[in-house]
Amino acid sequence: DELPDGVDVDVDVSASASEDLQAVAKLSEELGASRTDVEPLADSMTLLRFYLHRDRALAAAAEMYRETISWRRSFKLQQVMADYGTGEDYSVNGTRLSLGPWHWRWQPSSPAARVVAPYVFF
């Protein structure tokens, strides 16, 4: 395949992509994530983002993922999502309870959410 004019690539993209796919599979295995997991952070594309953000360091990506999940638990994501929107149910630890595409919609429902609604961006 030819690249468009002005595009120059100095790496073997297919080899790099293959290595990234293998790393994401290892990351998924280490974290206990699966393709059927309801958790939106457990899908392959999101795990790839963690992996790339940590400069392709598998251990660092796994740690970042665990810290994110821990933050979601401590932040009480279930309550935040209920206060600011509708369409999805979340567990106490911040994971989705429903299968399929995400259907959350912005719709402030608590008094506090309605007060800050004009000043937030979702």
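Of the 122 residues in the chain, 29% are buried. The model is a predicted one, and the chain averages a pLDDT of 80, with 76% of the residues scoring at least 70.

The chain contains five helices and two strands. Their order along the sequence is α-α-α-α-β-β-α. Among contacts with a separation of 6 or more, 38% are between residues 24 or more positions apart.

Helix 3 can be followed in some detail. This helix covers residues 58-74, 17 residues in total. From its first C-alpha to its last it reaches 24 Å, close to the 24 Å expected at 1.5 Å a residue. The buried residues of helix 3 are Ala-61, Ala-62, Met-64, Tyr-65, Ile-69 and Arg-72. Viewed down the helix axis, these buried residues lie within an arc of 160°, so they line one face of helix 3. An α-helix has 3.6 residues a turn, so residues three or four places apart point the same way. On the other side of helix 3, Ala-59 and Ser-74 are exposed. After helix 3 comes Lys-76, which has a positive phi, near 60°.

The aromatic rings give a further view of the structure, which holds three aromatic pairs. One of them is formed by Trp-71 and Phe-75. Their ring centres are 4.6 Å apart, the angle between the planes is 15°, and the pair is stacked. Trp-71 has a relative accessible area of 44% and is therefore partly exposed. Phe-75 is at 41% relative accessibility, so this residue also counts as partly exposed.

Another pair consists of Tyr-84 and Trp-106. The ring centres of Tyr-84 and Trp-106 are 5.9 Å apart and their planes are at 20°, so this pair is stacked. The pair links distant parts of the chain: Tyr-84 belongs to helix 4 (residues 77-84) and Trp-106 to strand 2 (residues 105-106), 22 residues apart. Tyr-84 has a relative accessibility of 17%, so Tyr-84 counts as buried. Trp-106, with a relative accessible area of 34%, is partly exposed.

How values were computed:
Residues are numbered from 1 along each chain as its sequence is written. This is a predicted model: local features need pLDDT of at least 70, side-chain atom pairs count only at pLDDT 80 or more; totals for chains, interfaces and linings use all residues. Side-chain values use heavy atoms; hydrogens and water are left out. pLDDT is the predictor's confidence in each residue, from 0 to 100. Helices (H or I, at least four residues) and strands (E, at least two) are DSSP runs, numbered from the N terminus. The expected span of a helix is 1.5 Å times one less than its number of residues. Buried means under 20% relative accessible area, exposed over 50%, partly exposed in between (1.4 Å probe, protein chains only). The arc is that of the directions from the helix axis to the C-beta atoms. Rings of Phe, Tyr and Trp (its six-membered ring) pair if their centres lie within 6.5 Å; planes under 30 degrees apart count as stacked, over 60 as edge-to-face and the rest as tilted. Contact means heavy atoms within 4.5 Å.
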